[in-house]
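Here is a short briefing for a first look at this structure.

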Amino acid sequence: AAHPLLMPPVLSPCRYRAFTFGLTFLLYTSFHLSRKPISIVKSELHKNCSALHELSTTGSRQLPRLHTETDCSWKPFDKSNYKQLLGAMDYSFLCAYAVGMYLSGIIGERLPIRLYLTFGMLMSGLFTCLFGLGRIYNIHNLSFYIFVQVANGLVQTTGWPSVVTCIGNWFGKGRRGLIMGIWNSHTSVGNILGSLIAGYWVSSNWGLSFIVPGLVIAAMGIVCFLFLIERAYCSVTGCRKIGRDFLPLLLPVQQVVVVKSESEPSAISFMGALRIPGVIEFSLCLLFAKLVSYTFLFWLPLYITKAAHLDAKKAGELSTLFDVGGIVGGILAGVISDKLGKRATTCAVMLLLAAPTVSRSVSLSLGLALCMLLVCGGLVNGPYALITTAVSADLGTHKSLKGNSRALSTVTAIIDGTGSVGAAIGPLLAGVLSSRGWNQVFYMLMAADFLIVDLKCALMCV
């Protein structure tokens, strides 16, 4: 039966696609922008104590005891096991993110994307700001920071399944690799902006390094609530089913007639999504890909600080080179996979080339190592971007689903949730292995790259 509804005026579908493309790009940019500050602030949390310890061992007897919260490391990160404590903070966020992701996709299939995403962004802004308020209100309890990280990890899981589902609803399979490759550069853009924003305040008041990104993602949550269009709609001629409660508030409206379908396909179950060919294999591939990418994300600025003896701001700026390379790599991976029609082959070749660049960065001088960082960022983040976007969208609309479009969010959540297990393990292992030398961390990353290649070869043989 036909029901009159208030709908936006009928404009060119291309304009709506472009609008949705740009808006979801900005929305998820703010997610990554709010995750980056912790990696920039790490070197500030344990900075001055190390310097004072070195000065005290030179035999200077005139040094007063300056082991305070103002002139020394931020308690409780002032102890010799500070790397393990910082790793535990990373692990708490990423572990909560991994666990929550499996549930998020299932919930997201059953709720309006616009409202679900808005809630997650507002709550993420709150918890990101809370971490920064720990500096302003002199909170030195480790449990407080762990709680904030866990809570933030859980609410951030609302983001990825929602935006991938939304972009998948608007774009077909035609040039999905290229489109998703360009769109997924929001990850690197968010990391770069997060590094620059956090780096601006890290030395003067690192609390603002969290509060400002927190306010940004909260503001983008309001923008999401007002403007996000969940899926394509149509007028009286040739109309298809629309998403529930998708209409944003601030678009001009006019009355048109929408024909609703009599029956709506039910959302796919968790086990049903696992049975889709390729979901388990690509999920395991992403596990190791995220292990590598998130180890760089959370530990690269600290590595540059220790290896090159730079301050936190400069190290944060240099670490953005990895993300700059990631932008190019993501687009390149999308273009190549579209041309060849082989997603697994594209990922395998890029990661096979990534392993030598990781190993070479250990022994090179700083200048050459930073150049290698650009190349490494492209080769690592290219396959990562391809799996989380184009591959997830392909599998979420697999022919075995027989046209049921309500599987995309669950499939995306399974793949990204499994990948997030690797994202949790990588930084944790980096915190443990770095105490034995940074070479051990790079060897771990190389091993992960080779494991992904093995899985990709298995996929190509299926």
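Helices (H or I, at least four residues) and strands (E, at least two) are DSSP runs, numbered from the N terminus. By that count, the protein chain has 17 helices and 2 strands. This is a predicted model: local features need pLDDT of at least 70, side-chain atom pairs count only at pLDDT 80 or more, and totals for chains, interfaces and linings use all residues. Residues are numbered from 1 along each chain as its sequence is written, and side-chain values use heavy atoms, with hydrogens and water left out.

**Whole chain**
- Of the 462 residues in the protein chain, 56% are buried (under 20% relative accessible area, 1.4 Å probe, protein chains only).
- Take contacts (heavy atoms within 4.5 Å) between residues at least 6 apart in sequence: 83% join residues at least 24 apart.

**Helices α5 and α6**
- The axes of α5 (residues 113-136) and α6 (residues 142-155) come within 9 Å and cross at roughly 165°. Axes are lines fitted to C-alpha atoms, for helices over the stretch in contact, and angles run from 0 to 180 degrees between N-to-C directions.
- That makes α5 roughly antiparallel to α6 (angles over 145 degrees).
- Residues of α5 that meet α6 include M123, F127 and F131. On the α6 side, F144, F147 and V148 are among them.

**Residue I452**
- I452 lies in helix α17 (residues 438-461).
- I452 is buried, with a relative accessible area of 0%.
- Leaving aside neighbours within four places in sequence, I452 is in contact with C285, F288, A289 and L351.
- I452 and L286 are 166 residues apart in sequence, yet 8.0 Å apart in space, C-alpha to C-alpha.

Definitions and conventions
Parallel < 35°, antiparallel > 145°, perpendicular 65-115°, else oblique. Buried < 20%, exposed > 50% of the residue type's maximum accessible area, 1.4 Å probe, protein only.
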